[in-house]
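Hi there,

Here is the structure I promised to pass on. Please have a look at it first, and then read my notes below.

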Amino acid sequence: MDFALSDEQTAIFDMAYAFGQEHIAPNAQKWEKNESIPKELWPQIAELGFGGLYVSEDAGGSGLSRLDATLVFEALSMACPSVAAFLSIHNMCAKMLDNFASEELKARIMPDVLSMSTVLSYCLTEPGSGSDAAALKTKCERTNEGYRLNGTKAFISGGGYSDAYVTMVRTSDDGAAGVSTVYVEDGTKGLSFGGLEDKMGWRSQPTAQVQFDNCDIPAGNLVGEEGKGFKYAMMGLDGGRLNISACSLGAAQTALNATLQYMGERQAFGKPIDQFQGLQFRLADMEIELQAARTFLRHAAWKLDTGAPDATKFCAMAKKFVTEAGSKIVDQCLQLHGGYGYLADYGIEKLVRDLRVHQILEGTNEIMRVIVARDMLKNR
């Protein structure tokens with residue numbers, strides 16, 4: 001097995017890293033305080049081809065592999081995991097549209113999606129259905145002109161900020177088989193939003209409820225076939241789990257780099273604190289765990305790219321392992337910074353807050369264990 005990145009993959013990582021360090025990292029603290037990412041950032045990112053990372057080249061996307069995409073998110077999250085994760089959501093939606101939307105719908109919306117003049121949000125979770133996503137209740141009823149939506153989505157990144165919402169809705173009472181996917185554009189009559197959520201982390205991402213009150217959309221805004229929406233949503237989550245893992249990985253690497261620098265400068269008892277063997281062991285443990293997480297993530301991405309039958313299991317395992325490793329590492333980095341780590345100026349406490357949610361979204365880490373256990377029992 002060849003674990004080395006190709007020259008092209010190295011160039012992809014370097015391009016994303018350079019953009020993040022120039023355009024995102026210097027502004028991350030300010031955007032967090034403002035609780036919003038400037039809209040003008042997204043077209044700049046799209047110029048690099050990042051508005052449709054794994055949208056097919058025939059449709060105008062970059063046609064990258066899932067492994068390639070994890071390199072982009074790892075590199076961008078070294079500047080800010082909140083911004084990188086928001087880009088992941090947009091790309092998950094873009095891929096769903098590329099795969100399943102009608103040719104007419106794609107012709108109308110995809111150019112703006114790929115240029116990121118249209119920013120997308122993903123609407124699955126509801127106030128009463130999180131891990132049990134198939135229990136969603138947002139109704140979608142046929143009308144003479146199309147569909148009428150009624151219901152509420154919760155914890156939506158980009159709620160009230162994005163330009164369109166890829167939304168899972170109920171078109172029949174037939175459990176998961178009664179779920180469909182629709183495309184709802186901002187400004188549609190009957191579409192409204194709750195107030196901004198006051199969150200622990202990811203504070204630069206506006207997050208709010210998305211509400212539908214007799215919200216009418218044209219029939220052409222149905223994505224794919226009625227009753228297939230839950231399948232579409234779940235297919236998107238494997239890649240989303242890899243991306244959010246990559247965001248944990250990049251942030252943890254940034255924290256570890258900063259900690260190495262800090263420990264070489266911080267003096268205690270007459271010498272730099274990186275000269276104490278007990279603290280050196282902690283650095284070594286973090287490096288080992290970080291490299292194990294990186295290898296595991298790339299293996300899972302390779303599985304998804306090659307269509308391996310156990311790809312979903314590996315994506316779930318990687319998501320559980322990498323997000324927990326990332327949180328553990330940034331927490332240890334805060335500890336090694338001492339009191340300074342607790343101050344916003346050093347940026348470590350932001351990473352601790354941002355990474356905590358990675359164990360919850362894209363399927364909680366408890367659900368990741370369920371996926372793995374079910375696969376083990378099925379194949380014993």
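This is a predicted model: local features need pLDDT of at least 70, side-chain atom pairs count only at pLDDT 80 or more; totals for chains, interfaces and linings use all residues.

Residues are numbered from 1 along each chain as its sequence is written, and side-chain values use heavy atoms, with hydrogens and water left out.

E145 sits in the loop between β2 (139–142) and β3 (146–157); strands here are DSSP runs (E, at least two residues), and helices are too (H or I, at least four), numbered from the N terminus. E145 is exposed, with a relative accessible area of 64% (exposed means over 50%, with a 1.4 Å probe and protein chains only). Beyond its neighbours within four places in sequence, E145 is in contact (heavy atoms within 4.5 Å) with I217, P218 and A219. E145 and D216 are 71 residues apart in sequence, and their C-alpha atoms are 8.3 Å apart in space.

UniProt, in an unreviewed entry, lists residues 227–376 as "domain: Acyl-CoA dehydrogenase/oxidase C-terminal"; its positions are given in the numbering used here, feature names are shortened, and annotations may be inferred rather than shown by experiment. This span is 75% helix and 3% strand, and its end C-alpha atoms lie 29 Å apart.

Best wishes

Methods. Buried means under 20% relative accessible area, exposed over 50%, partly exposed in between (1.4 Å probe, protein chains only).
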